Amino acid sequence: MTGTDPWRSLGTPGGHVEIVEYNPDWPLAFEREAASILAACGPLVDEVHHVGSTAVPGLAAKPVLDIMPVAAGPAEAHAAVARMAMLGYRCLGENGISGRLYFEKDVNGRTVAHIHMFPAGHPAIRTHLAFRDYLRTHPEAARDYERLKRDLAARHRNYREAYTDAKAAFIESIIAAAVRQRALGS
């Protein structure tokens with residue numbers, strides 16, 4: 001990553017919904033942050049995944065990393081909250097998904113990362129990875145998703161929740177397609 005600010009390719013001022021072209025710095029930012037999370041959380045977190053649109057090469061996205069640490073269990077996830085705070089994350093509880101701990105990180109007034117921490121075995125782990133992997137291997141679906149996100153961002157620039165809600169049906173359809181593909185063994 002170039003420059004002195006490792007977060008410079010991420011975040012939007014004021015938390016507005018903005019879709020930008022894919023940036024090859026995003027995977028590097030994820031790798032750096034995943035290493036920091038693993039170092040800070042030690043045995044509480046077993047693995048860390050890059051999920052969401054910034055994890056799909058070539059896909060335009062909100063410039064916010066979606067990171068999914070997998071904790072050893074629910075107690076370990078809760079024990080990791082203080083360690084995540086030392087890395088600059090604020091915990092917002094489950095934030096609408098049972099069993100998840102959701103965190104945000106702001107740098108210079110910009111939200112640069114969302115953390116979706118689940119305990120090992122939580123079903124959302126599989127769906128997050130299935131969604132990401134399907135978009136990585138199905139460019140037409142990724143292009144459809146990009147078009148949808150650009151349209152929704154234009155309509156919901158100041159309303160992140162409305163933007164997120166409006167994407168839900170598309171995301172569910174991709175997850176269903178990924179599950180069908182897995183069941184067929186392809």
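Analyst: Happy to! A disulfide here means a pair of cysteine sulfur atoms within 2.5 Å. Keep in mind that this is a predicted model.

User: Okay, so how many disulfides does the structure hold?
Analyst: It holds 0 disulfides. Cys41, for one, is in no disulfide, and its nearest cysteine sulfur belongs to Cys91.

User: Is Cys41 buried or exposed?
Analyst: Cys41 counts as buried, because its relative accessibility is 0%. Cys91 is partly exposed, with a relative accessible area of 31%.

User: Nice. Switching to α5, how many residues does it have, and what does it span?
Analyst: Helix α5 covers residues 139-155, which makes 17 residues. From first C-alpha to last it reaches 24 Å, close to the 24 Å expected at 1.5 Å a residue.

User: Which residues of α5 are buried?
Analyst: Those are Ala141, Ala142, Tyr145, Glu146, Lys149, Leu152 and Ala153. Looking down the axis of α5, these buried residues fall within an arc of 140°, so they line one face of the helix.

User: What do the buried residues of α5 pack against?
Analyst: They pack against α4 (123-137) and α6 (160-184).

User: And which exposed residues sit on the face turned away?
Analyst: Glu140, Arg147, Ala154 and Arg155 are the exposed residues on the face of α5 turned away from its buried side.

Key: Residues numbered from 1 in each chain as written. Predicted model: local features only at pLDDT ≥ 70, side-chain atom pairs only at ≥ 80, totals over all residues. Heavy atoms only, no water. Buried < 20%, exposed > 50% of the residue type's maximum accessible area, 1.4 Å probe, protein only. Helix = DSSP H or I, 4+ residues; strand = E, 2+ residues; numbered from the N terminus. Expected span 1.5 Å × (residues − 1). Arc of directions from axis to C-beta. Contact = heavy atoms within 4.5 Å.
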